[in-house]
Amino acid sequence: MLAIQLTKYGKPEEGLRPVEIAEPGDPKALQILIRVEYAPINDSDLLVASGLYAVHPILPSVVGNEGAGRVLAVGAGVRNVKIGDRVVIPRGVFSWAEKVLAPAEDAVVLPAEIDPQQAAMLSINPPAAALLLEEFVSLKPGDWIVQNAANSGVGRAVIAFARQKGLRTINIVRRPELVHELKEIGADVVLLAGPNTGAEANRATGGALARLALDGVSGDATGTLLEIVSWDAKIVCYAAPTREPIKVNPLGLVAKRASIHPFFMYYPDYLPRIPEKIRAAAALVANRQLRAPIAAVYPARQFERALAHALAGGKILLDFSGVAGG
């Protein structure tokens with residue numbers, strides 16, 4: 001069967017390649033066999049390939065940190081999943097293959113009406129967004145939060161969950177065309193990143209300040225968030241695509257008694273809560289309240305083209321559903 005393997009660490013385009021591997025076989029007791037439909041190419045996958053992620057599989061190895069598919073078979077003792085159910089690929093099971101075996105206890109069954117392509121992007125960004133809104137500040141309806149990277153997968157999920165909770169969002173983006181787009185999906189305030197973003201945010205909210213700031217950029221962008229938060233606010237850093245150190249004015253940090261916190265959704269204390277957050281996100285997707293933009297979908301056999309597109313930018317999905325004819 002077709003799979004995408006990592007053969008060496010370094011540049012993703014040099015270490016990742018489509019290969020034919022043996023089928024996984026029948027599920028054992030308490031296992032399920034999943035026919036993968038779609039799997040995204042995420043930044044975390046590229047970090048794995050580069051050797052920079054927390055996970056370092058023994059090579060050669062199938063990789064891929066996210067995806068969804070249909071259950072083909074169940075092992076003895078499985079009660080929570082049945083053949084034909086659509087499920088997300090559980091954490092710890094690499095998804096870039098036609099078929100994968102997974103522990104049944106970790107399977108999250110999705111609504112029957114869910115878009116299968118959107119289902120493939122449910123297990124990382126949406127639960128991270130839900131946890132970011134709940135774990136650091138006790139927020140109530142009407143409270144403001146601020147985030148950069150608002151057009152990212154996490155950022156869009158933050159907007160959807162915040163709207164559901166009655167929270168108001170200040171969203172910072174880098175491209176003018178995103179202002180209207182994010183307002184259309186429920187963002188309250190959308191601002192372009194720049195030297196006056198802090199002042200613009202304060203005008204837009206009538207002087208109201210955010211109690212929670214979500215930093216998905218790092219560098220100078222973190223300092224901009226500090227300008228927008230209130231006394232005793234928390235700034236949570238969850239991603240750093242720029243790979244730059246966080247830059248904040250220490251006097252501003254002291255003056256507001258603000259604090260900076262790290263976030264990684266796979267910290268042990270978060271793990272038990274991830275399945276419920278995936279289910280909550282799945283309900284939003286099924287009701288068309290949450291949708292992640294997709295730049296392109298490529299047959300898995302065209303992996304090299306898909307990877308080149310992903311490296312150039314945009315959310316790319318690998319289509320394993322039609323591999324036989326791909």
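Reader: At what angle do helix α7 and helix α8 pack?

Author: The model is predicted, so to speak only of local features with pLDDT of at least 70, side-chain atom pairs count only at pLDDT 80 or more, and totals for chains, interfaces and linings use all residues. Residues are numbered from 1 along each chain as its sequence is written, and side-chain values use heavy atoms, without hydrogens and water. Helices (H or I, at least four residues) and strands (E, at least two) are DSSP runs numbered from the N terminus, and axes are lines fitted to C-alpha atoms, for helices over the stretch in contact, with angles from 0 to 180 degrees between N-to-C directions. The axes of α7 (residues 197–204) and α8 (residues 220–228) are 8 Å apart, and the packing angle is about 30°.

Reader: Are α4 and α10 roughly parallel or roughly perpendicular to each other?

Author: The axes of α4 (residues 125–134) and α10 (residues 274–286) come within 8 Å and cross at roughly 110°. Angles under 35 degrees count as roughly parallel, over 145 as roughly antiparallel, 65 to 115 as roughly perpendicular and the rest as oblique. The two helices α4 and α10 are therefore roughly perpendicular.

Reader: Which residues of α10 does α4 meet?

Author: Contact means heavy atoms within 4.5 Å. From α4, Pro126, Pro127, Ala130, Leu131 and Glu134 take part, and they meet Ile274, Lys277, Ile278 and Ala281 of α10.

Reader: Which residue in β5 is the bridge partner of Leu33?

Author: Strands pair if DSSP finds at least two bridges between them. Strands β3 (residues 31–41) and β5 (residues 68–74) run antiparallel, joined by 6 bridges. In β5, the partner of Leu33 is Ala73.
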